[in-house]
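Trainee: Could we go through this one together? I would like to begin with the sheet.

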Amino acid sequence: MTRDEIRQTVLHTLRTIAPEADPAEVQPDTALRVQLDIDSMDALNFFIRLHEKLGVEIPEADYPKLNTLNECVAYLAAKLG
Amino acid sequence: MNEKRERALRLLRHMIGIRRFEEKCAELYSAGKIRGFLHLYIGEEAVAVGAMEALRPQDAIVATYREHGHALVRGVPATAIMAEMFGKAEGCSGGRGGSMHIFDASRRFYGGNAIVAGGMPLAVGLALADKLQNRHQVTACFFGDGATAEGEYHECANLAVLWKLPVLFLCENNRYAMGTAIDRYQGQTNLSVRARSYGMPGEQVDGMDVEAVATAVARVAAEAREGSGPAFLELLTYRFRAHSMYDPELYRSKAEVEQWKKRDPIPAFQALARGQGLLTDADTTAIEAAVQKEIDAAIAFAEAGTLEPIEHLTADVYTPARTA
Amino acid sequence: MSAQRTTYRECMRMALREAMQRDPRVFLMGEDVGMYGGSYAVSKGLLEEFGPERIRDTPLSESTFVGAGIGAAMGGMRPIVEIMTVNFSLLALDQIVNNAATLRHMSGGQFSIPIVIRMATGAGRQLAAQHSHSLEGWYAHIPGIKVLTPATLEDARGMLWTALEDPDPVLIFEHASLYNLEGEIDAAAGAVGIDKAIVRRPGKDVSLVTYGGTLHKCLQAAEQLAQAGVQAEVIDLRSLRPLDAETVLASVRKTHRAVVVDEGWRSGSLSAEIMARILETAFYDLDAPVERVCSAEVPIPYPQHLEQAATPQPPGIVAAVHRVMGRHV
Amino acid sequence: MPSLGADMEAGTLIEWLVKPGSRVKRGDIIAVVDTEKAAIDVEVWLDGVVERLLVEPGIRVPVGTVLAIIRADGAAPEPAAAASAVPPQPAVQVQPQAPVSSRPASPPPSFSAASEATGQDRHRASPLARRMAQDLGVDLSHVPGTGPGGTITHTDVEQAAARARMATAIPREAMGRLRVSPLARRLAKEQGVDLARVQATGREGAITAADVERAAAAPRPAPPAGLAAAPQRTFAPKTPQERSAAMRRAIAQAMTRSKREIPHYYLALEISLERTLKWLEAENSKRSIVDRLLYSVLLIKAVALAAREVPEMNGFWIDDGFKASEAVHVGMAISLRGGGLVAPALRFADRQPLAELMRQLRDLVARARANSLRSSEMSDPTLTVTNLGEQGVDTVFGIIFPPQVALVGFGRVSPRRTLQASVSADHRASDGHRGGLFLAAIDRRLQSPETL
């Protein structure tokens, strides 16, 4: 997958969690929790859906590496090789 | 001189090797180590040893459920065969076939087969493939007299003659189809006469004389290699033990068995070779010792073998998809 | 690309010619496949083009020429063996079940048997019981072989090459009523996949699961049901082994109702297997018991009115759908 | 007794052909044995002298039984008088593999064996199993023990509880009498529709999915479902704005009624989550992401189990009386995106394993937070939990959702890994003493997370 495809997948998954999140307006480098109303349950559902779509395992210890959109894309790109 | 001695030693070594291996199998079966069905070749050793002497590594072999001897002489290791009968994964068929299903693709040994005459069409097909790819080699198909009553035999004989296929029909006529004597199930008990009626050469050979068998098979193999088509050899032989381990042998008298034991192929060949100055008693003693060592090693290998893990149960039902 | 008007028979012949041209190891063997041009005229003209060595007429010895095909495959060839009809394959069952399907596993993986065995199947031409069997379900019971049922021009054109490339034995059942099926096919049509079912007509109310000779009867039934406001989804299994249960289950999870149409006799039939798989995994998606339409459990009779009554027909399929929709029929 | 055939399990000795002292050599026939099929000769496999015959003719013995002792040539003779410590290797019999018989090697520990094994104390159970049996309301005398010596392990109890749950989970009225399609049964369970009230239109009187949908959409008689069930809806709010305004009205109405009618008392307790979180981290490291647990689900399970110990916290205040609820359905307050609140119940929360609770919770929260949770999909809690820890709140003193009688609040997890647990309770139904016991029970549960 290309990085752009990963970015699209992340944004699409984000919308299933926070329907009101407009992809165009999501700031790539500010914490998603801050921009959008996301609690720990939303976060878990978000990671599970990424896991199901991309087949990537996300251990709890890695949560801090996925705070912003860019971090998510970088983390997933590295995992997908 | 020593080339003839070499051959005599080889023939005796093979015959004694089969005899002791099969005797040990009978003991292991009654001890519960070998299960299922077990059909022993004791008495018929001269047929397999003589025939294999005339065949080449690239020739194909198709045999029956009484195939330990053929496999051993063809070169399938005694360890792999014993492990197979112990149902171990190290067996020559992965422990999945047992005594009646010994296979070795590397030696073109296309197996035992538990279905009477079941392997015959395969042999015809292997010969067809050789012919279509004009490889000058033959397929030797071993079967018992009982198989000649199966429809497949008549179909195979006709097709092989029709398409002039390089297949040798080697009929081990031991006079009994399991518990039925040949004169109680065959209208024509001289099987080679019937074979000739299909339009291929057919002759009877003394199956208790390893030299006679080797000479006859060598001749028909050479002709078949040159494209003359199939041939039928009726090797007159006799099994000294029951059809299988669960057979009270009510169908033949003990006297008849003793009568045939007088023509045991092993002492017969020893006497012949000693007469020709090729072998001495010391050679026999050395062979017996070597064979005993080989059998003990085979049993140790089988005992130490492992059981195939249950998770592999469905492996090899189909060929794994070749990765791109 | 230009489409061309053709028949199921011609598609199968094109597939045979292409296979023979592309791979010298391929040869065709069977009763009357050469001089006579094939009992269903599928191999007409091939003897003149490829010669008697590769288009081999055989004596009436099914057990042996099928067994010889298996042996030749083990010897390095890629045989296509034609058994005139499934009815005669009963004489070769021992070779197919005890040799072709079994040798690989029983020898610990030492042999592959790349053989394709084709045979006509099914009733519908008043040939009476001995010539009207539909036994694909039997063969689909046996691990070690694959079973295909091409029902469209594309599949008749494209399944053979893929089957020949498969290292394991593949049986292809051609329903006798399909040989004259006419239609358009892309001139460049070629090999197709052989292990997935295809939804031939989408629908939301009920899943019609079928294969081979009964596919077109289901499509007719779906047409009539649409008039009555019922959207039936028609699924063509294409392969009976391996069985693409996933496509069937996805459809049943959507429609919540299923009717299986199978020309075999219902007891121990393929329809029974498909129903079992639906019950095992989609039980909580069912809004009504699964229905099926099979042949009556009788030897197929000779007279046409009885043969029609004994085998699945569109009216019977429509009635089954109404039952599963809960309409009191 | 040699194995003489694929399906031979035993044989009857007919006659001996040798006697003690006879010389034998390999291949000799020394006896005749009768099998189901026929009489068969028994061979000896070595040269030697017969020492003793151990089985009399006419006796039937299983394959592998030693029939005679033969001293192999060159082996030491058996001392005449006392039997030697190690009897000479019975030459006749090569040590056989245990014959593969159809019966399993040793009979599985049957129920009766388990109870006998435990002697007079019929309920020998591990401490953990004993504790769980008490929590899950399982009678130990009915539990077959699979532990060593037939003792009852905690998994035995769990399985017994699961079996009991299966029996009770399906509402009694749906057993037997009603014909319901599997899809209809699933939808009814999800939407909390009482199957007994559903009008069947399917064939042979079966209830279909459409029937359940219709029943779910119809207005629900008593008791009012959790807060979310808006008052008798005269009009179905269509636009999002109308929907959130209607919800705001409903919340306002309920909160006002709660404050006006319910004499709340409030208690709080600081709880250490040190052991709880350590267990959770270990547990999550073993699970794939799809099965991962959040600490909030442990809080819910602790509340549900504690509610069983202090029944006055679990039920409704109706017509000036407290009606305790036998089942424990814990409502989870979920804040909706863009404002509003719902508190759907996790049914039978006290009996569900954590993984199942987590799955249901995740599904409910996901749909609520994505505004796709229809009111008909929510069922009525018997008490409610609100967790404002993520919002950074230390302690919550919430307002009870009528007609419930208790609300449990949880604050944020402090750096020292502790949190403030609080309960707002209806003084008509319980007194402060019981509220305190309730909080202590929650604390005790959280200290042994493996029992949740």
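Mentor: First a definition: two strands pair if DSSP finds at least two bridges between them. Strands (E, at least two residues) and helices (H or I, at least four) are DSSP runs, numbered from the N terminus. This is a predicted model, in which local features need pLDDT of at least 70 and side-chain atom pairs count only at pLDDT 80 or more, while totals for chains, interfaces and linings use all residues. Residues are numbered from 1 along each chain as its sequence is written, and chains are lettered from A and ligands numbered from 1 in the order in which they are written.

Trainee: What is the strand order of the open sheet in chain B?

Mentor: The order is β1-β2-β3-β7-β6, five strands with parallel pairing.

Trainee: Which strands stand at the edges?

Mentor: β1 (60–62) and β6 (202–206) of chain B; each has a single partner strand, so one side of each is left without a neighbour in the sheet. Direction ignored, neighbouring strands are turned by 20 degrees against each other on average, with axes taken as lines fitted to C-alpha atoms.

Trainee: How many bridges join β1(B) and β2?

Mentor: Three, in the parallel sense, with β2 covering residues 139–144 of chain B. Ile61(B) stands opposite Ala140(B) of β2(B).

Trainee: Changing topic, where are the cis peptide bonds?

Mentor: One runs from Arg241(C) to Pro242(C), with omega near 0 degrees. Pro242(C) lies in the loop between β12 (239–241) and α10 (245–255) of chain C. Another joins Pro402(D) and Pro403(D), with omega about -5 degrees. Pro403(D) sits in the loop between β15 (383–387) and β16 (406–410) of chain D.

Trainee: And what is the phi of Arg108(B)?

Mentor: Phi is near 50 degrees, a positive value in a residue other than glycine. Arg108(B) is in the loop between α4 (78–85) and α5 (120–132) of chain B.

Trainee: Is Arg108(B) buried or exposed?

Mentor: Arg108(B) counts as buried, with 21 C-beta neighbours inside 10 Å. The cut-offs are 20 or more other C-beta atoms within 10 Å for buried, 12 or fewer for exposed, and partly exposed in between, with C-beta atoms placed from the backbone. Asp316(B), also not a glycine, has a positive phi of about 70 degrees. Asp316(B) is in the segment after α11 (281–304) of chain B and is buried, with 20 other C-beta atoms within 10 Å.

Trainee: Which residues touch the most other members of the largest nonpolar core?

Mentor: Among its 232 residues they are Val124(B), Cys141(B), Leu168(B), Leu233(B), Val259(C) and Val321(C). Such a core is a set of buried Ala, Val, Leu, Ile, Met, Phe, Trp, Tyr and Cys residues joined through C-beta atoms within 7 Å. The largest share, 11 residues, comes from helix α1 (residues 2–30) of chain B.

Trainee: Lastly, how many residues of chain C are in contact with chain B?

Mentor: 34 residues of chain C are in contact with 33 residues of chain B, contact being C-beta atoms, placed from the backbone, within 7 Å. On the chain C side, the largest share, 10 residues, comes from α3(C). That side divides into 12 nonpolar, 18 polar and four charged residues. Here Ala, Val, Leu, Ile, Met, Phe, Trp, Tyr, Cys and Pro count as nonpolar, Asp, Glu, Lys and Arg as charged, and the others, Gly among them, as polar.

Note on methods:
Axes are lines fitted to C-alpha atoms, for helices over the stretch in contact, and angles run from 0 to 180 degrees between N-to-C directions. Two residues are in contact if their C-beta atoms, placed from the backbone, lie within 7 Å.
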